[in-house]
Amino acid sequence: MPSEEEEIINLIAEELHAGRPPEMIVEELVQAGLPRGEAAQVVQAVTREISGGGRGGARKPPKGGGMPWVTVIMVLTILILLWFLLS
């Protein structure tokens, strides 16, 4: 069962695959309480993963340096905490 962070990443990926502009997704994250810079970083990281994810099928963290995903997970954790605090 995927974690909340993975679910959010998957939702962002689905929106991007559906043709939704990244700027609209960033706006939704900002409205949910995430600072604009962090929202843009999350969407950008998911966009990079989608565009580079076609090499080898399944999404795997890069060997030796998965730092972008660590950042994405940290930002998503902050987003979830903010959402709980603001709800």
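Start on helix H2 and select Glu 23 and Gln 31. Both are exposed, on the face of H2 turned away from its buried side. Keep in mind that this is a predicted model.

Now turn to the other face. Select Ile 25, Val 26 and Leu 29, the buried residues to look at in H2. Why do they sit on the same side of H2? They cover an arc of only 100 degrees around the axis, which puts them on one and the same side of H2. An α-helix has 3.6 residues a turn, so residues three or four places apart point the same way.

Next, step past the end of the helix. Select Gly 33, which follows H2. The phi of Gly 33 is positive, near 115 degrees.

The crossing of H1 past H2 is right-handed. Which residues make the contact? From H1, select Ile 12, Glu 15 and Leu 16; from H2, select Pro 22, Ile 25 and Leu 29. By class, five residues of this contact are nonpolar, one is charged and none is polar.

Finally, colour the chain by pLDDT. The chain mean is 76, and 76% of residues reach 70 or more. Among the elements, H2 (residues 22–31) has the highest mean, 89. Helix H4 (residues 67–86) has the lowest, 74. Then select residues 54–64, where pLDDT stays under 50. For this stretch the model has six contacts beyond four places in sequence. Where pLDDT is low, the predicted coordinates should not be read in detail.

How values were computed: Residues are numbered from 1 along each chain as its sequence is written. This is a predicted model: local features need pLDDT of at least 70, side-chain atom pairs count only at pLDDT 80 or more; totals for chains, interfaces and linings use all residues. Side-chain values use heavy atoms; hydrogens and water are left out. pLDDT is the predictor's confidence in each residue, from 0 to 100. Helices (H or I, at least four residues) and strands (E, at least two) are DSSP runs, numbered from the N terminus. Contact means heavy atoms within 4.5 Å. Buried means under 20% relative accessible area, exposed over 50%, partly exposed in between (1.4 Å probe, protein chains only). The arc is that of the directions from the helix axis to the C-beta atoms. A crossing is left-handed if the near helix is turned anticlockwise from the far one by less than a right angle, and right-handed if clockwise. Ala, Val, Leu, Ile, Met, Phe, Trp, Tyr, Cys and Pro count as nonpolar, Asp, Glu, Lys and Arg as charged, and the others, Gly among them, as polar.
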